[in-house]
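I opened the model today and kept short notes. Here is what I looked up, in order.

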Amino acid sequence: MLYHSTNNPSHKVDLKEAILRSLPPDNGLYMPDALPVLSAGFWKTWRHLDFRETGFAVAEAFFGEDVPSAALREIVDGTLEFDAPVVTLAPGDHILELFHGPTLAFKDFGARFMARLMAWLTRDDDRMLTVLVATSGDTGGAVASAFHHVEGTRVVILYPKGKVSGLQEKQLTALGGNITALEVDGSFDDCQAMVKAAFLDRDLSEKLNLTSANSINLARLVPQSFYYIHAARQLPEGVKPVFVVPSGNFGNLTAGLLAMKLGLPVEHFVAATNRNDVVPRFLRSGSYQPRPSEQTISNAMDVGAPSNFVRMQALFGESWEEMKRHVSGIAFDDEATRTAIREVKSLHDYLIDPHGAVGWLAAKAWRAQHPCSATITLETAHPAKFPDVIEAELGPGSVEIPERLAILAQRPKHAIPMKAEKNVFREWLSASLGT
Ligand SMILES: *Cc1c(COP(=O)(O)O)cnc(C)c1O
């Protein structure tokens, strides 16, 4: 399969280039040249397949021409080592729990698949693949965990000293092995600038086989469509779900659209945002006005210029009317989000995180207008990732830290202190990793 840039459909590359480059040189986004559809045979049996079988069928539809079945099966099985269960709060009110992975958020699915696919794509290269990531917290943790122990790869994470939470820092610094953390005496922007400078240094980039684990990488998107099919399968036969997606960069929602294009019966999508409501406004008015992001308590959705918006437009042939037929948008502020956390606890005895709470509000609003609908709200993170917000509403001790995180918290931190200087970083890379 070939991949083209959204900015220039005639710029086509193969799978290896689309994944290892992550971004086309013209700053567009890579899209599959022909969108796959799952066969009628698959849609006859899909309700009887388990998560891994579903994941394999989807992965094969996208990557089957380039990756042999046995290798692809291993990549999928290695990714899906945990489930994505649907829990029902009340009739028609369903939650898809996407936080059962090692770093407690849905980003584990994309990061784990990408790590394994990258390792396979570079299996015959005589050099290690070196992944550089600058992180302000969560993405670095998911990427570090995903590449940990993946053969032929190593990860260098740059994070700003004193600016990530204690638990986040442990997710970056306590793994060891092929994961190296650099504690940069500077800001997140400094970290990003250092990574960028390393990529722009062609000799270094070539010598160390550098790649980025960017969030708009196609290898992170495709595995996110696995769980839409797996979720729909968990509803009674004949029920067409409305998927409600707490959104920031809109990667998760785009993956849902890919699942629909594969043939999944979906009633509708609802994009739920916090006050950063560029897409809900676009859906109402037809006018797209990106703007600087505002800080909220659902901070993983604080995005003012969603990076996957161009992919959504491409999927609907650049037509606003077409997008509106399938996607609605609605936004909620922090006060409503806090109230929802209390309401979900008191009505359903269920702990919901601030991102899922925004989604739950959107689902409730949708069902008020469409009383026969069955909504599936994506719960994108475990509430234990946001203890301050939850405990402010529900009281001290209301969230339990899962064991897999508690264990990591007790491990020692290993980080290399570094000045926020591009040359220092380049020299360190060359001296420590170049062979
Ligand atoms: C990244 C993230 C989101 C936003 O997902 P997008 O794919 O960027 O729309 C929502 N919730 C949580 C917890 C996240 O980590």
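How many bridges join strand β1 to β2, and do they run parallel or antiparallel? I counted three bridges between β1 (residues 3-5) and β2, and the two run antiparallel. One pair I looked up was H4, whose bridge partner in β2 is K12.

Ground rules first. This is a predicted model, where local features need pLDDT of at least 70, side-chain atom pairs count only at pLDDT 80 or more, and totals for chains, interfaces and linings use all residues. Residues are numbered from 1 along each chain as its sequence is written, and side-chain values use heavy atoms, with hydrogens and water left out.

**Entry: the three-strand sheet.** I read the order as β2-β1-β3, an open sheet with antiparallel pairing. Pairing here takes at least two DSSP bridges between two strands. Neighbouring strands are turned by 40° against each other on average, direction ignored.

**Entry: the six-strand sheet.** I noted a second open sheet, ordered β4-β5-β13-β10-β11-β12, with mixed pairing. Its edge strands are β4 (86-90) and β12 (327-331). The twist averages 25° from one strand to the next. Inside this order I checked β10 (residues 241-246) against β13 (residues 374-379): four bridges, running parallel. F243 stands opposite I376 in β13.

**Entry: the whole chain.** I found 19 helices and 14 strands. Both are DSSP runs numbered from the N terminus: helices are H or I with at least four residues, strands are E with at least two. The C-alpha trace spans about 65 × 50 × 40 Å along its principal axes.

**Entry: the ligand.** Which residues are closest to the ligand? I listed K107, G248, N249, F250 and T380, out of 14 that surround it (a heavy atom within 4 Å). The shell divides into six nonpolar, seven polar and one charged, with Gly counted as polar. Backbone N or O atoms reach ligand oxygen atoms at 2.8 Å from G248 and 3.1 Å from G251.

Notes:
A polar contact is a pair of N or O atoms within 3.5 Å; within protein, one must be able to donate a hydrogen and the other to accept it, and residues adjacent in sequence count only if both atoms are side-chain atoms. Axes are lines fitted to C-alpha atoms, for helices over the stretch in contact, and angles run from 0 to 180 degrees between N-to-C directions.
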